[in-house]
Structures are given as C-alpha cells and as structure tokens.
Amino acid sequence: MARTSLTCGIAALSALATAAHYHVDPDVASKTAKVTLTLDQGQTSTAFHMPAWLPGDYELFHYGKKISEVSFLRDGQPVPSQHTDTDPDLWTVPSGADSVSYRVVESRGNFSPNLRIRSDEVFINGGGVFGWFDGHQRESQKLTVTNVYGPGARAATPLPMVAGKWVAKDYDHLLDSPFVFGMTVKTAQVKLGSRTVIAVGYGLATRIPADMSAFAKTGAMAAEQTLKLVGDLPWQEYRFYFDFGGGGGGLEHLEATRIGTGTSDPRQMAGIIFHEFFHCVNVKTVRAQPLGPFDYTKAAKTSTLWWLEGVTDYYADVLAMRAGLSTPEQTLQGLFNSCDSLNRSTGAQKVTASEASLKVWDVRGSFGYGGLSYYSKGAVVGHALDWAIRAESQGKHSLDDVVRQLYKECHGGPGYKDTRIRELVVQYGGPKLGPLYDSWVDGLAMVDCRLEAGAFGVELDGTIGRGQTPSEAAMLRSWSQGVAYSGSR
Ligand SMILES: [Zn+2]
C-alpha cells in the first residue's frame with residue numbers, strides 16, 4: 001500500500017519552538033510500529049523513560065518491556081549505547097544524543113488497547129507507546145504518523161493540527177489524547193450550546209450498521225446532565241471513541257473516552273457512556289494530587305479511588321435518571337440491589353473503601369483489593385452520603401454540592417488532598433456526617449441504604465412510599481431531577 005507521510009509542509013513553528021516531535025510508522029504485517037522521538041534543535045536530555053503505568057490503570061505495566069531496537073541518535077547518526085539500567089523503563093541517554101527510535105509491539109492496559117494495528121486502521125493510546133526525554137515533559141509535543149492506508153484514510157484525535165503536525169500542550173496531554181487513523185473512522189456530532197460532542201466510530205464501525213448520530217446524542221445527554229450538575233465542563237470539544245468489536249471496557253480522558261462496544265444501540269451502552277463521560281469531571285478534573293500532573297515512574301497512590309470510580313458509578317446512574325433514561329424507582333431498586341450484594345460480600349467485611357483504593361497497586365486488574373471492589377463500595381457510599389447530607393441539611397445540600405465545590409477547587413489547580421472529601425461532606429451535611437463517613441469509608445460498617453432513603457418516603461424495595469409526605473416528595477424530586485430543594489420539611 002502507498003506510504004505517504006501525513007506531514008504536509010514544514011511551516012514555521014516558532015510559537016512551539018521548544019518541543020519534541022514523535023513520528024509513528026506502523027507496520028501492518030508485523031503489527032508493530034517504529035517510533036522516533038526527536039528533540040528540537042539544540043535540546044538534549046540525560047534520560048529516556050517509558051511509562052511504568054498509564055492514567056486510568058492503577059497497576060504497574062512497565063511499558064519499557066514493550067519496546068525493542070532502542071537506538072539513540074545525534075544529528076541523525078546512531079550513537080552507541082547500552083541498556084544497562086536496572087529499571088526496565090529507563091535508558092541513560094548517550095552524551096549529545098537528541099533523538100531516540102524504538103519498535104513498539106501491540107499492548108493493552110486494563111481498559112483499552114494502547115497500540116492496535118490492523119489492515120485498515122491504527123489505534124494509539126499513548127501511555128503504552130510514547131516515552132519521554134527527562135526535562136521535556138512540560139513542553140509542547142508534536143505528532144505525525146505515516147499513512148500506510150492511502151487516500152481516504154481519516155484521523156480522529158483531540159489534538160489540533162498545526163502546520164501539518166498534531167500538537168499536544170505537553171506530554172500529559174499527548175498521553176491523554178487517543179488517536180485513531182485509517183479507513184474505518186466514522187463520526188457524527190451534536191452541539192451543546194457553544195460546545196461540541198463528537199461520536200467517533202471505528203473498528204468494525206463500517207461493518208456494524210451503527211448510526212453514529214444516535215451515539216452522539218446519547219453522549220450529549222451525559223454531557224448535558226453533567227453540565228447541569230457542575231455548571232461547567234472542562235472542554236469545548238469532547239470525543240466518544242466507540243471501538244466496535246474491540247472488547248469491553250472504557251478508559252477515560254479529559255476530552256475523550258474510548259469505549260468498547262458490540263452493539264449498534266447506544267441506549268444499551270448508557271451505563272458506561274455516562275460513567276466514562278462523568279470522569280471528565282471526576283478523576284480528570286476533580287482528582288487526588290498524584291493523579292495529575294503525573295509521575296509515570298511510580299504508583300500514584302490515593303485512598304480515594306472509591307470516590308473517583310465508585311461515586312462516578314453512582315452519578316452515572318443518577319444522571320441517566322435525570323436524563324430520563326430510567327425512572328426514580330428503577331434507579332432506587334438498582335441502587336438497593338447493589339447495596340445488598342455489597343453487604344453480602346466477604347470483601348466488604350474485611351477491607352475498607354480507603355484500603356481497597358490504596359492497595360489496588362498490590363494486585364492486578366484495577367478494581368480493588370482483598371475482594372472489595374471500590375467501584376461497588378464507592379457507589380453505595382456515594383448514594384448513602386448523598387441521602388444523609390440531604391436529610392441532615394433538611395434538603396438544602398446534597399452530594400452535588402460536594403462535587404461542585406471539588407470541581408471549583410481542582411479545575412485549573414492542583415488535585416485535592418485525600419482528606420478534603422470528608423471536610424466537604426461535613427461542611428454540607430453537618431457534624432453527624434463525620435462519624436458516618438469514617439464508618440463507611442475508613443471503617444467496615446455496613447451501609448444501610450434503605451435506612452438512609454427511608455427518610456424520603458422510599459419503601460424497602462425501592463418503590464416510592466404511599467405514605468410519603470409532601471416535603472419528602474419534594475426532596476425526592478430534588479434528587480431525581482437535580483434541582484435545589486426549596487421547600488420546608
Ligand atoms: Zn471509571
């Protein structure tokens with residue numbers, strides 16, 4: 001197949017003078033890619049790294065093990081070097097070298113492929129593909145890819161193109177920008193005020209009769225409800241990458257998500273669409289301090305993954321309900337069922353939510369530790385905290401206030417300290433919330449969702465109680481519709 005470069009003309013990049021340039025050359029036959037990373041003229045470094053892990057995966061993968069044929073260059077000429085470092089992700093750079101090339105094999109993390117090369121497309125999630133030169137992570141990064149697919153090939157990436165190169169603000173941005181290029185790419189978009197939600201279909205998208213505009217509309221419902229909750233969104237354009245036939249799971253990014261799907265009906269995907277989308281707020285903006293800017297050389301430990309993953313699950317349910325995709329009764333019954341199965345699990349009797357978060361790095365899979373999933377426990381705790389704050393504040397506040405405040409504090413700034421969530425829960429719910437939080441998050445107390453919801457006239461099976469008072473009904477409406485409660489009890 002014709003191999004034409006996507007680099008079209010070398011225009012002056014004076015505004016981006018201090019930058020590194022990545023070029024990816026996929027090889028369809030071997031399913032590998034040659035990556036060349038070149039520093040701008042006059043720039044050097046002493047060390048080259050591959051990431052030990054990538055954001056969204058809370059597990060060390062050591063992507064240095066996925067590359068071979070590592071060769072350092074000076075002015076385009078190879079410089080002798082040996083990989084004698086004991087760290088599998090670290091290479092000492094020979095003096096004066098300004099470029100490195102290496103071959104990378106296909107890999108995947110827990111929730112997404114990192115590199116996948118097919119006869120008709122290439123998909124890149126940068127963490128398993130792109131290394132970095134020490135001292136240059138905070139500079140803008142340029143990207144080009146050899147077009148091995150010929151005319152008609154299309155790219156989908158959040159990265160803007162400047163003078164024929166895709167440009168990332170820095171290394172974090174490069175790794176946070178999924179990239180698909182080839183003959184399979186289909187897109188549709190929906191406007192949300194001044195913002196745009198784009199659905200990108202690839203993989204088997206051209207063979208599965210999927211209406212990408214329907215996927216874009218469902219994605220936009222998640223965006224609309226999140227905007228209503230938070231009052232802001234941290235992007236102008238957001239891309240849902242639907243990987244048809246590409247295996248389950250989803251991986252979040254600030255301006256995008258990659259979701260594996262086997263169906264052409266986006267409503268069947270609402271749970272994962274709302275979950276992954278809500279991550280643009282909760283984990284990509286509202287985040288623990290180690291979760292951005294990142295240190296890719298070591299585990300980014302936080303005791304709050306129950307909040308970042310489990311409370312995201314809770315809001316996926318709540319926001320889908322507010323979008324009209326489920327009724328309050330269906331949502332309550334689902335939440336109660338989750339609560340029951342959590343309370344029956346042996347993990348919940350032995351491991352706390354904060355411990356499952358901190359120790360996830362000790363085990364594989366990015367779900368929890370010791371038999372406790374921080375997704376399940378976090379969703380149930382989020383639900384119970386929400387009800388408790390509403391009850392204690394007489395309906396004036398809710399967990400929505402905690403999310404909004406965390407967003408204000410973290411957007412454009414550093415991540416939160418792990419103690420900040422408790423402080424805000426007490427600030428909005430009052431002093432009784434402190435011991436409750438401690439017993440549910442740092443302790444092993446069973447969470448009784450029915451007890452918490454009973455204050456709103458909800459029956460034990462999740463149906464809305466017949467004896468519900470007008471004020472209870474108003475509080476429940478406030479929860480199910482996402483509006484502030486203004487009545488009196
Ligand atoms: Zn998640």
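Predicted model: local features only at pLDDT ≥ 70, side-chain atom pairs only at ≥ 80, totals over all residues.
## Overall build

The chain has 489 residues, and 49% of them count as buried. Its secondary structure comes to 13 helices and 24 strands. The radius of gyration is 24 Å, close to the 23 Å that the globule rule gives for this length, so the chain is as compact as a globular protein of 489 residues. Along the principal axes, the C-alpha atoms fill a box of roughly 80 × 45 × 40 Å.

Take the contacts between residues at least 6 apart in sequence: 68% of them join residues at least 24 apart.

## Domains and the contact between two of them

The chain is divided into three parts. Domain 1 covers 4–8 + 19–181, domain 2 covers 186–278, and domain 3 covers 301–481.

The centres of domain 2 and domain 3, taken over C-alpha atoms, are separated by 25 Å. Across their contact, 14 residues of domain 2 meet 14 residues of domain 3. On the domain 2 side, α2 and α3 (270–278) are the elements that give two or more residues. The largest share of that side, six residues, comes from α2.

## An open sheet of five strands

Five strands line up in the order β9-β10-β11-β17-β14. The sheet is open, and its pairing is antiparallel. The edge strands are β9 (107–108) and β14 (154–156); each has a single partner strand, so one side of each is left without a neighbour in the sheet.

Strand β16 (residues 165–168) is covered on both faces. Lys165 and Val167 are buried on one side, and Trp166 and Ala168 are buried on the other.

One partner of β16 is strand β13 (residues 140–147), paired antiparallel over three bridges. Here Gln141 has Ala168 of β16 as its bridge partner. Another partner is strand β15 (residues 161–162), which runs antiparallel to β16 and is joined to it by two bridges. Met161 stands opposite Trp166 in this pair. The hairpin of β15 and β16 has two residues between the strands, and Ala163 takes a positive phi near 50° there.

## Helix α9

Helix α9 (residues 399–410) has twelve residues. At 1.5 Å a residue they should span 16 Å, and the end C-alpha atoms are 17 Å apart, which agrees.

Which residues of α9 are buried? They are Leu399, Asp400, Val402, Val403, Leu406 and Cys410. Seen down the axis, the buried residues of α9 fall within an arc of 160°, so they line one face of the helix. They pack against α2 (212–230), α8 (374–392) and α10 (420–429). After α9 comes Gly412, with a positive phi near 80°.

## Gln330 in helix α5

Gln330 lies in helix α5 (residues 328–344). Is Gln330 buried or partly exposed? With 14 other C-beta atoms within 10 Å, Gln330 is partly exposed. In sequence, Gln330 and Gly462 are 132 residues apart. In space, the C-alpha atoms of Gln330 and Gly462 are 7.8 Å apart.

Key:
Residues numbered from 1 in each chain as written. Buried ≥ 20, exposed ≤ 12 C-beta atoms within 10 Å, placed from the backbone. Helix = DSSP H or I, 4+ residues; strand = E, 2+ residues; numbered from the N terminus. Pairing = 2+ DSSP bridges. Expected span 1.5 Å × (residues − 1). Arc of directions from axis to C-beta. Contact = placed C-beta atoms within 7 Å. Rg over C-alpha atoms; globule rule 2.2 N^0.38 Å. Domains from an automatic or database assignment.
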